[in-house]
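Hello,

Here is the structure I promised to pass on.

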Amino acid sequence: MGFRKDFIWGAATAAYQIEGAAQEDGRGMSIWDRFSHEPGRVLFGHTGDVACDHYHRYKEDVALMSELGIRNYRFSIAWPRLLPDGTGEVNQKGVDFYNRLIDELLEHGIRPFATLFHWDYPVALQARGGWENADSPRWFEDYAALCARMFGDRIKDFITLNEPQCFIGVSMEEGRQAPGLRLGAPQTVPMSHHVLKAHGLAVRALRALSSDCRVGYAPCGAPCIPVSESEADICAARNAYFDVPTDERRWARNVAWWSDPAMLGRYPERALRVFEKYLPRGWERDMEIIRQPLDYYGQNIYNGRLIRAAHNEPGYEEVPLPVGFPKTAIQWPITPDALYWGPKFLYERYQTPILITENGLSCHDAVSLDGKVHDPNRVDFMHRYLLAYKRAAEEGVDAAGYFAWSFMDNYEWAHGYNERFGLVYVDYTTQERIVKDSALWYKRVMEQNDI
């Protein structure tokens, strides 16, 4: 059994993390341009002004993808590169860049997967209230329609939003990412509803303007892994995975609030009892818009939490990881079973093909004396996680595909250039690309459609 014959193997990136050219060819400013230039916001004061210079080196990068056997490439379109003010006048030079990139991908036999929003929100719209503004869903709808009109003849796979748990929770609640706000539920719950409505409107616009397109959504959330395969622990882990924190200052980092409306047409009942008072008036009328049929349910998965059954009110408790538990360079725990239990629980609940839209790790990569980059930890990590995903597929989960994060080392948001997640090493001084051992290993996996 194993992976299906049409399994989607690929690699992923995001615009602000790789493109650079932040002030070129009419591109507008994003909240990340402003945030990264504010002292103390990003490690070592790093910015995405140049990043991997992909804007100028896209041909070289696409050729390298082709050489490494990557046949599916998930990238994001920079909203302010197309619409400098977020709405209104279109920047033709921005359209031209993505046309060149798309054509280059297709010429190399690489299927483009375009994410419409991967965190680089236009500053001009943030000044108008951003996601808190009731007009924000329509702004995003118009932007999605523009992408469909400009690129829908060649891009047949779109993903609406990447990780709303982060661009609302980490950015608006915790203040650790752009725009760096620290707000409570009275402000962030209405934002969440506008984000979900934006997703629904975008799906509808894409399908109206590109009738043969496929559309997905890419939220995140650490899967809950039962400490044993007893029925009680599995039930506890499932319940924990889809529970929503009721802390009004740290509520947004969960799965069900962001996915139940999009997939099931309703907010989770227990959370609604706590947060309904903050939803916009008349929110019920939007649920039909928010729930749109999707071709795949994307999920970014890096690690999970251990859960066991407990005699308490929620019926579960988190189990601390053992002392000395293995971690990646960014200090995230290595929990391969997250790629079994996450897809399993998600497919049970949403009955839509599961596409792993990001998975990978940061390593202490370095160029060795032989001029190569040897990263056995990454090979081992990917191998273990993919074995878990394969198990899920063999047990009936509709496992649609897997995108490694990331194609190449890049700007890791508030961590700057301190973390290396890529299959390809980037020397940020010279912009040289060096293929890591993991890229060659992954090429073989993709070729044989198995591990």
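Let me begin with lysine 390: leaving out neighbours within four places in sequence, its contacts (heavy atoms within 4.5 Å) are Gly2, Phe3, Asp450 and Ile451. This lysine sits in helix α15, residues 376–394. Helices (H or I, at least four residues) and strands (E, at least two) are DSSP runs, numbered from the N terminus. Lysine 390 counts as buried because its relative accessibility is 14%; buried means under 20% relative accessible area, exposed over 50%, and partly exposed in between, with a 1.4 Å probe and protein chains only.

Before going further, a word on conventions. This is a predicted model, where local features need pLDDT of at least 70 and side-chain atom pairs count only at pLDDT 80 or more, while totals for chains, interfaces and linings use all residues. Residues are numbered from 1 along each chain as its sequence is written, and side-chain values use heavy atoms, with hydrogens and water left out.

**Pocket and cavities**

The search ran on a 1 Å grid over the protein atoms alone: a cavity is a set of points where a 1.4 Å probe fits but cannot get out, a pocket is an open set with protein on both sides within 12 Å along at least five of seven lines, and lining residues have an atom within 4 Å of a point. Grid points are joined across faces, edges and corners, and a volume is the space filled by probe spheres set on the points.

The largest pocket holds about 1,100 Å³ of space. Its lining has 34 residues, and Cys166, Ala222, Arg253, Asn303 and Trp332 lie nearest the centre. By class, 18 are nonpolar, nine polar and seven charged. For these classes, Ala, Val, Leu, Ile, Met, Phe, Trp, Tyr, Cys and Pro count as nonpolar, Asp, Glu, Lys and Arg as charged, and the others, Gly among them, as polar. Helix α8 gives the most to this pocket lining, with three residues.

There are two cavities of 30 Å³ or more. The largest cavity, at about 70 Å³, is lined by 13 residues, with Ile31, Phe117, Trp119, Phe167 and Ala178 nearest its centre. Here too α8 gives the most, again three residues. The lining of the largest cavity comprises 10 nonpolar and three polar residues, with no charged ones. The second largest cavity has a volume of about 50 Å³, and its lining splits into four nonpolar, two polar and four charged residues.

**Around α8**

Helix α8 is mostly covered, with 10 of its 10 residues buried. Among the elements covering them are β3, β4, α9 and β5. Just after α8, glycine 175 has a positive phi of about 75 degrees.

Beyond residues up to four places away in sequence, phenylalanine 158 touches several others, including Ala114, Leu116, Cys147 and Tyr296.

**Salt bridges**

The whole structure has 39 salt bridges, each a side-chain nitrogen of Lys or Arg within 4 Å of a carboxyl oxygen of Asp or Glu. One of them joins aspartate 398 to arginine 4, with the closest N and O atoms 2.3 Å apart. This pair links distant parts of the chain, 394 residues apart: aspartate 398 is in the loop between α15 and β11, and arginine 4 in the segment before β1.

**A hairpin to finish**

Strands β12 (424–427) and β13 (432–435) run antiparallel, joined by four bridges; two strands pair if DSSP finds at least two bridges between them. Valine 426 has arginine 433 in β13 as its bridge partner. Four residues lie between the strands of this hairpin, where glutamine 431 takes a positive phi near 65 degrees.

Happy to talk any of this through.

Best wishes
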